[in-house]
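Have the model open as you read.

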Amino acid sequence: ICLRMTSWRSRGAAAVSRAPATPRVDEAAIDALFAQYADVEDPDWISLTGFSKIAEAFGLDPETDTKVLVMAWKLKSIEKPGEIAKREFREGMTAMGIDSLQKLKDLIPSFDPGFMEHKEFSEFYRFCFKFNREEASKKTLEKEVVVALLPMLLENGRSPFVKSFCAFLETAPLARVSADEWNSFLMFSTAFPSGNISGIDEDSSWPTLIDDFVEYLQKR
């Protein structure tokens, strides 16, 4: 361990000096921006209505544009579905190195999920499930919400099964989809990127919903 530390000190000091500095932000400006969109009755939160106003200020449709969901993810929305706490907003803006509405707008083109590597997209995909719940205590999403979300999130070629899975869900005798089922659909899509499931292992341990979907595909 001592040798490693000595090696780091001898080789790493210059590297540390060359490391890019974290952009400095104006915390007061961030708080002022948050206040513009905060809920009147609960000023420590930006509600879904307030967040939609931010999206609309950028010319984005909050109901159909995936960049809006990426923006919510980047702004660290965690505690309440569809809302952003003041501390989350501060953390997200600081992490992005920005402190104004214009600087946030300038980043919007980079919020296209198509730019994400698989690991990052998987994290974003899991976030989308949580963000779209009716409330934090819910462990499932309404089937109708899932059917609306999946084409938005996976239309960029990440799944060959989007249309067929949504058609399957429309006829499936269930009202809600669990987080495990939601996450497993992306895993299933990644496992069979060509859409060919002829070599699927019959003993694989997918959730029942995915097993039923496989049976649905095989009968077509």
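## Ground rules

This is a predicted model, in which local features need pLDDT of at least 70 and side-chain atom pairs count only at pLDDT 80 or more, while totals for chains, interfaces and linings use all residues. Residues are numbered from 1 along each chain as its sequence is written, and side-chain values use heavy atoms, with hydrogens and water left out.

## How the two helices meet

Helices here are DSSP runs of H or I with at least four residues, strands are runs of E with at least two, and both are numbered from the N terminus. Helix 8 (residues 143-154) packs with helix 10 (residues 179-191) at an angle of about 35°, and their axes are 13 Å apart. Axes are lines fitted to C-alpha atoms over the stretch in contact, and angles run from 0 to 180 degrees between N-to-C directions.

On the helix 8 side, the contact (heavy atoms within 4.5 Å) is made by Val146, Leu149, Leu150, Leu153 and Leu154. Helix 10 contributes Trp182, Phe185 and Leu186. By class, that makes eight nonpolar, no polar and no charged residues. The classes are simple: Ala, Val, Leu, Ile, Met, Phe, Trp, Tyr, Cys and Pro count as nonpolar, Asp, Glu, Lys and Arg as charged, and the others, Gly among them, as polar.

## What each helix buries

Buried means under 20% relative accessible area, with a 1.4 Å probe and protein chains only. In helix 8 the buried residues are Lys143, Val146, Val147, Leu149, Leu150, Met152, Leu153 and Leu154. Their cover includes helix 4 (66-74), helix 7 (118-131), strand 3 (140-142), helix 9 (162-171), strand 4 (176-178) and helix 10.

Helix 10 buries Glu181, Trp182, Ser184, Phe185, Leu186, Phe188 and Ser189. These residues pack against helix 7, strand 3, helix 8, helix 9, strand 4 and helix 11 (208-219).

Why does Leu141 count as buried? Because its relative accessibility is 0%. Leu141 is found in strand 3, and the residues that it touches include Val146 and Leu149, as well as Trp182. Leu141 and Phe129 are twelve residues apart in sequence and 7.2 Å apart in space, C-alpha to C-alpha.

The largest nonpolar core has 64 residues, of which Phe51, Met71, Phe124, Leu150, Trp182 and Phe188 touch the most other members. Such a core is a set of buried Ala, Val, Leu, Ile, Met, Phe, Trp, Tyr and Cys residues joined through side-chain atoms within 4.5 Å.

How values were computed:
Buried means under 20% relative accessible area, exposed over 50%, partly exposed in between (1.4 Å probe, protein chains only). Lists of a residue's contacts leave out its neighbours within four places in sequence.
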